[in-house]
Structures are given as structure tokens and as C-alpha cells.
Amino acid sequence: MTIITGFLGSGKTTLLNSVLKEPALEDTAVIINEFGEIGLDHLLVDTIEDGIIELSAGCLCCTIRGDLINTLEDILRRIDNGRIKPINRVIIETTGLADPAPVLHSVMLHPYLVMRFRLDGVVTLVDAVNGFQTVQEHEESVKQIAVADRVVLTKTDLLDTKERQDAYERLLVELKTLNPAAEVLNSQNGEAAAKALINCGLYNPETKIPDVQRWLKEEAFKEAHSHDHSHHEHNPNRHSDAIRAFTISTNQAVSESVVDMFLDLLRSTQGEKLLRVKGIIKVENDPERPLVIHGVQHVFHPPVRLDQWPDEDERTRLVFITNGLSEGYVKRMFGAFTGGLSSDTPDKEGIMNNPLSIGGFSGSFK
């Protein structure tokens, strides 16, 4: 499953209209709000049933009927009953003002859907001309960028003045600040645009082998952490100033129950501020088979146990993108649970390693 999001006017409909013809989206179901929003006349092959049509590239296009859960269940039911052909992928387009988190929660919290769907990624479209101003003025846009696995820049062909070019350069800096790990692509390349919508998740779809290094992109967070953003003048009215992107990494194995308690307390008390959490964890009871975790706000996908470490890096690595939640707070909590933080991430907020008296926490959480 791929979620396409982006603020009003970012070009989601235009992009979908152009890529629905691409062979890369064969065996894909695309869920949109209204057929009328996309010019389907030149793509239409045959009407299968009310609300579902087959397009020339072999993919299906369907409108949301009732709510998203009902639509996804209906698609699965029709496939299982042989009423429509099997598919490999679902792409969901959100509305321009939507926070993508509830869409992700719909699947992650549903006991049946979570068995049938795997989240591949969130793709956020950003208007290259107006994107910088939009980020400054609209919190929805900030959240859409912060949770993205990939950012697709649209309307780059309209950067025809120095003023627009300057705003675009500021936008690129802002994107790197908000989400250091997100791959930034240009929609003007049609083939790249189609590929931008698929295969950005944990697993390599060809080999079914997890590519943790590409998925986590821990080095991008470290680079952003060490980069001096002093050219950003602090403005309490800027929504983007509350976003933090950082990592926790340690060589020590961690008790699985301790990880559960840490994450449970963090999401129950600070869930709305956890825009995205990803990680691979070295657990004490089975250090050769790490756990992979993924969360969006207060909802976490069931952990995945890998058969082995995917590469030579056998550290616990957690990456966070938060909104209004400080790096120091999260690290102090992690240190309290693990008996002292052992991390190669720079400590810029005076984190103490005494588990008995750390920040606002008292007592040992071990």
C-alpha cells in the first residue's frame, strides 16, 4: 500500500493522470475520491462494476465508497471471489487538507487489513513554486512532508523568475530540515514519477529481502543533526520550527520487554507528537534476529522479526520525526528504560545517564 498526499494544488491529480498509463502500475488498484477529478476518458477500457473501472495499463481505479476501510475490504472480497483480477498494490490518494496519519492508522489498527496489506510508503507531492510559503503557513503541509518516505516536486518547469528560484532553494533546505531521510524527486521526469509511487518500503520487492539501510537512512538524520541551521530565524508562528528529526543508536542489546514498555509509554503520553518512528532493534533474547518497528503517532505496526541482520551493521537504530517533542526528552526516556543511554548520537540537550534521576523521570524503569 502506498499513500499519496500533498497540499491543495500540489498536483496529485495531475501526477496520477499521467502515471496511470505507466506499465509500472500494472496490477495496481488506485483509490481516489471522485472519478471526475481525473480525466479518465483516454485511459478507460471497460467498466467492471459500479465504482471500479479497468484502465489501459491494466490497473484498476476505484472511488471511496462509504469509508476507506469498506473500500479496502470490498476490493479484497472481490479479488477473493474472483470478481476482479488479483492485484499487487494499492495506491490511495488523500485530499489536500488531509493529515495522512489517520489513513495509515486505518490499516495498521485493523486486524484483517494488517494481515493483507503491507505499508510500502508515503509519497508527498510539493508544489515547487508555492511550497515554501505553504510550509510556513499550513501545519497540514508540514505533517505531510514530515511523514513522507519520498517527496515529489511538481511544477518545477514554472521556476522562471529569480524570486521563484530563490523560494525554491529555501524550500529545498526546508525539506531537508523537516525530513532528512526522504528521497526528493522531480515529477517532470515521467518514468521517475511513476517509480516514485512504488517500492519505497522496507523490503526489496524483487528479492523480498529487507533493505534496512535504505529504509532507515540513519546517516541522513546524522548529517542533518550536525548541520548548522542557524540561517533559520526562529519564528514561533512557523509550523516547521516544531519539527525535530533525530536518531538513537546503540551497540548494546536491549530487552524486548523493555522496548515494549518504552514504546508503550512514549506513544501513550506523546503519541500525537510522534509523526514517524522507524527502527531495527538488537534484542537480548535473540540478538542474531533483530526486530523491525514502525509507528505513526500512537499506532505501531506489529513488529517484524528478521531471520538475520541484513548487513554488517548490527546496532540498535531508531529514527524519530517529532512535532513539538524534544530530542532530549525521548533520549532521557530511552536511557531510563535501558539503564543509561549508550548512543553515538550527539547529546545537545544535557542528557544524564543516571537511570534513577533523569529529567522528569524518577526511579528505575528496568
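Visitor: Which share of the contacts between residues at least 6 apart in sequence joins residues at least 24 apart?
Guide: That share is 72%. Keep in mind that this is a predicted model.

Visitor: What does the chain's secondary structure come to?
Guide: You get 12 helices and 17 strands. As for burial, 54% of the 366 residues count as buried.

Visitor: Why is threonine 134 called buried?
Guide: Buried means under 20% relative accessible area. Threonine 134 has 15% relative accessibility, so threonine 134 counts as buried. You'll find threonine 134 in helix α5, residues 131-137. Setting aside neighbours within four places in sequence, threonine 134 is in contact with Phe7 and Ser141.

Visitor: And why is valine 184 called partly exposed?
Guide: Partly exposed sits between the two cut-offs, under 20% for buried and over 50% for exposed. Valine 184 comes in at 38%, so valine 184 counts as partly exposed. Valine 184 belongs to strand β9, residues 183-186. Again leaving out neighbours within four places in sequence, valine 184 is in contact with Val151 and Leu153.

Visitor: How far apart are the C-alpha atoms of valine 184 and alanine 148?
Guide: They are separated by 10.0 Å, with the two residues 36 residues apart along the chain.

Visitor: What makes a set of residues a nonpolar core?
Guide: The members have to be buried nonpolar residues joined through side-chain atoms within 4.5 Å. The largest one here has 61 residues, and Ile3, Ile31, Leu72, Ile75, Val90, Ile92 and Phe117 touch the most other members. Helix α2, residues 68-80, gives the most to this core, with 6 residues. There's also a second, separate core of 22 residues, including Leu266 and Phe334.

Visitor: Why would nonpolar side chains be found together?
Guide: In soluble globular proteins, they tend to be buried together.

Visitor: Which residues of α11 meet α12?
Guide: Val258, Met261, Phe262, Leu265, Leu266, Thr269 and Gln270 do, and on the α12 side they meet Tyr329, Val330, Met333, Phe334, Phe337 and Thr338.

Definitions and conventions. Residues are numbered from 1 along each chain as its sequence is written. This is a predicted model: local features need pLDDT of at least 70, side-chain atom pairs count only at pLDDT 80 or more; totals for chains, interfaces and linings use all residues. Side-chain values use heavy atoms; hydrogens and water are left out. Contact means heavy atoms within 4.5 Å. Helices (H or I, at least four residues) and strands (E, at least two) are DSSP runs, numbered from the N terminus. Buried means under 20% relative accessible area, exposed over 50%, partly exposed in between (1.4 Å probe, protein chains only).
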